[in-house]
Amino acid sequence: MWHNWTGDQTCTPAHRAEPASVDEVAAVVKAAAAREQVVRVVGAGHAFGDNVLTDGTLLSLDRLSGLRDVDTASGLVRVAAGTRLYAVNELLDAHGLALANLGDINVQSAAGAISTATHGTGAAFGNLATFVESLELVTAAGAVVEMSGDDLRAARVSVGALGVVTAYTLRMVRAFRLRERRDRMPLATVLRDFDALADGSDHFEFFAFPYADRAITKQLERTQDPAEPGSERRAWFEEVVLENKVLDLICRTGRRFPSQIPRLNRLITSVASPSEKVNVGHKVFSSPREVRFTESEWAFPREVLPEVLPRILRVAEEHRVNFPIEVRVVAADTASMLSPSYGRATAYVAVHAYRGMPWQEYFADVQAIGAEYAARPHWGKRHALSAAELGERYPEWEAFQEVRRRLDPDGLFANAHVRRIFG
Ligand SMILES: Cc1cc2nc3c(=O)[nH]c(=O)nc-3n(C[C@H](O)[C@H](O)[C@H](O)COP(=O)(O)OP(=O)(O)OC[C@H]3O[C@@H](n4cnc5c(N)ncnc54)[C@H](O)[C@@H]3O)c2cc1C
């Protein structure tokens, strides 16, 4: 039986395949089509939704991994689609290149992360799909196509619904170091100064806690300064001890004694003390995640964040939530027809539920608030929107559907998830 990272999405596929070449991928797709079996591709299984579930063929690209080509002068690199992001980082270190931005983990596959518009934070930075210059796709007919023009704009963020992505050409930047500053701030100040904070550093984010009036902020700046000795030890303490062991203990205690949740949430904001470190960019962006949870995340027009967040915090308090809410900013783009930050500067609001805690009503209430602002869901996280509802939030929805009808006319890649979100 296959299960996702959280452990709450499971399926038993009739066939599993791990092709090691593009020709093998095409052969697997053709064989599944002959058996009239749905094909889903799995990366690292870190999507929180039912994205990859199938009783047909489950295809993993773990053996299609690694750098195919590197051009240090232009910064363009060819990457096999199954390559994990941490491997992309490590392989590129040797060439003095790096991904311009990353989310808070690095274990996803390149294709899994890009296909759902995975993002980090930074007012001037688009999601990971904006780094894609071109991609290679195996279609339902088993054809191998290098995508360009509007087909590429459809395929960058396609949630596995157009075919199997087998390789990307990605635009990299010169490798860089980051100075990270963590701080505690009154939530009211963060909301009042949100624009100045978001624009005031390369990568700004904050965590708000139900019942607590202080937020934890994180500001990252590119720097020429050398990596500081002690940064790795500090990262271990903050990211492994505080963000995992202590958070897990506090969440477990809250699950057992819900009446203590307000006090526990305030406790977290008081143990987090201000700190600073400098290290290689990708080591600062990502950290290990041992605490298991499920998540829903919404892309709001950035300007509404100060008004929306207090409403979401109130909902979290009504549901006695013992997990921080994460706020990040992403630049507008039109590189992907289905980019959640399509055409507008975006503030992402992520809500979580510790494993074993109820999430259904909490997430539904947040989704209802999102509807008032035409918020768009993260494609790899939980939401319950239908194709009709999503269509109203994406200006190029019909153009995407046209590409889908052409590339996958019989719905070979359409499991229940894809039918719900795309029809
Ligand atoms: C602990 C944790 C932290 C996270 N942090 C962030 C974050 O900071 N920012 C953020 O934006 N998201 C974050 N996510 C969400 C995560 O980045 C996405 O869910 C991403 O899709 C997971 O990548 P994956 O390789 O595990 O893909 P999977 O979950 O395996 O697949 C995701 C989707 O991609 C499709 N897919 C995978 N490979 C291919 C392929 N080769 N061709 C076509 N389609 C394909 C799948 O069919 C599926 O629909 C986080 C998730 C977890 C569990």
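1. Strand β9 (residues 132-138) is largely enclosed by the rest of the structure, because five of its seven residues are buried. A residue counts as buried if 20 or more other C-beta atoms, placed from the backbone, lie within 10 Å of its own. Strands are DSSP runs of E with at least two residues, helices are runs of H or I with at least four, and both are numbered from the N terminus.

2. The model is predicted: local features need pLDDT of at least 70, side-chain atom pairs count only at pLDDT 80 or more, and totals for chains, interfaces and linings use all residues. Residues are numbered from 1 along each chain as its sequence is written.

3. Strand β9 runs antiparallel to β11 (residues 164-171), and six bridges join the two. Within this pair, E136 stands opposite A167 of β11. Strands are said to pair if DSSP finds at least two bridges between them.

4. Strand β9 is also joined to β10 (residues 144-147), by four bridges and in antiparallel fashion. Here L137 faces V145 of β10. The two strands form a hairpin with five residues between them, and G142 in the turn has a positive phi of about 85 degrees.

5. The protein chain as a whole contains 14 helices and 20 strands. Its radius of gyration (taken over C-alpha atoms) is 21 Å, close to the 22 Å of the globule rule for 423 residues, so the chain is as compact as a globular protein of that length. That rule is 2.2 Å times the number of residues to the power 0.38.

6. Of the 423 residues in the protein chain, 49% are buried.

Definitions and conventions
Buried ≥ 20, exposed ≤ 12 C-beta atoms within 10 Å, placed from the backbone.
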